[in-house]
Amino acid sequence: MRKIIFFALLAGLFLIPIAGFGVIRLNNPLNATSFEAVINDVINFVFYIGMALVPLGIVVSAFYFFTAAGDVQQVGNAKKILFYTLLGLAILLLSKALASIFKGILHI
Amino acid sequence: MKKDKKIWLLGLFLVFLLFSRLVLADGGPNQCCVLNHNLTEIDGACINDNRSVGPPNWDTSKNWCDPDGNGHSEIPVHQTKKWGLCCLVDSIYNFTDWLFYVLMAGIAILFILAGFFFITAGGDTTKITQSKRFVFYGIIGLILALMARIIPSIIKRLVS
């Protein structure tokens, strides 16, 4: 019984615009008009922030290097920070290229 | 324990930065900023010419922009929808610059210390190797810090 009432209400809700209020228009809040453009915008956003974070990571690793002052474990830490920062940079650069590579392969 | 201390110091510094920003903004949060770095690859309007960058369709009654902190809101000169991204990226670059200057000062002090250790070693082999390490890792840090400054321009060339 409850279900029937619920569905009736739901149907009524959908019928309201048809019955009396005319057509409802939804405005696109985004600049992008296609899904691909949305993805591209998101990639660009992450890319620019990543580009700003790479120098920060390298400077932090440099900081660790010279505060280590010969401590082997600390130097290891610094090396790790540097390595993963550069790895991140490589992946970030690839992410830009990968989209166009896949497009070329699939002839889109 | 040593690591904890470093993280605490960094956190304190960030809070200090944020707090100074909040104190300045008395008409609401700033919806613009003045860029210190040229970010024209993000948007053509993100230029570092000491003038404010903000959102388009500016409404003086709702929006607040006070880049010089004198309590008067003004209309941003460069208007773009990507002002938020530009300001965020610019502040990260600012932080990196700040860290870079601290690093340079630190390296100068480190080299002086290393020289001092060399002098006071007095033929003691372990002490000499220690001070050699000081200099070695100091130089590595210096090279890395310089690299961090070069990398953004290299990437700009690569991508565009």
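**Exposed loops, edge strands and a chain contact**

Colleague: Why does Asn50(B) count as exposed in this predicted model?

Modeller: Asn50(B) has 11 C-beta neighbours inside 10 Å, and a residue is called exposed if 12 or fewer lie within that distance, so Asn50(B) counts as exposed. Asn50(B) lies in the loop between β1 and β2 of chain B, and its phi is positive, about 65°, although the residue is not a glycine.

Colleague: What makes Asn57(B) buried or exposed?

Modeller: The count for Asn57(B) is 7 other C-beta atoms within 10 Å; since the limit for exposed is 12 or fewer, Asn57(B) is therefore exposed. Asn57(B) belongs to the loop between β2 and β3 of chain B and, while not a glycine, has a positive phi of about 55°.

Colleague: How do you know that β2(B) and β3(B) pair, and in which sense?

Modeller: Pairing requires at least two bridges between the strands, and β2 (residues 52–54) and β3 of chain B have two, in the parallel sense. Gly54(B) stands opposite Gln79(B), which lies in β3(B).

Colleague: Why are β1 and β3 of chain B said to stand at the edges?

Modeller: The three strands form an open, mixed sheet in the order β1-β2-β3 of chain B. β1 (33–34) and β3 (78–79) of chain B each have a single partner strand, so one side of each is left without a neighbour in the sheet.

Colleague: What makes up the side of chain A that touches chain B?

Modeller: In chain A, 23 residues are in contact with 30 residues of chain B. The largest share on the chain A side, 17 residues, comes from α2(A), and the residues of that side divide into 20 nonpolar, two polar and one charged.

Methods:
Residues numbered from 1 in each chain as written. Chains lettered and ligands numbered in written order. Predicted model: local features only at pLDDT ≥ 70, side-chain atom pairs only at ≥ 80, totals over all residues. Contact = placed C-beta atoms within 7 Å. Helix = DSSP H or I, 4+ residues; strand = E, 2+ residues; numbered from the N terminus. Nonpolar A, V, L, I, M, F, W, Y, C, P; charged D, E, K, R; others polar. Buried ≥ 20, exposed ≤ 12 C-beta atoms within 10 Å, placed from the backbone.
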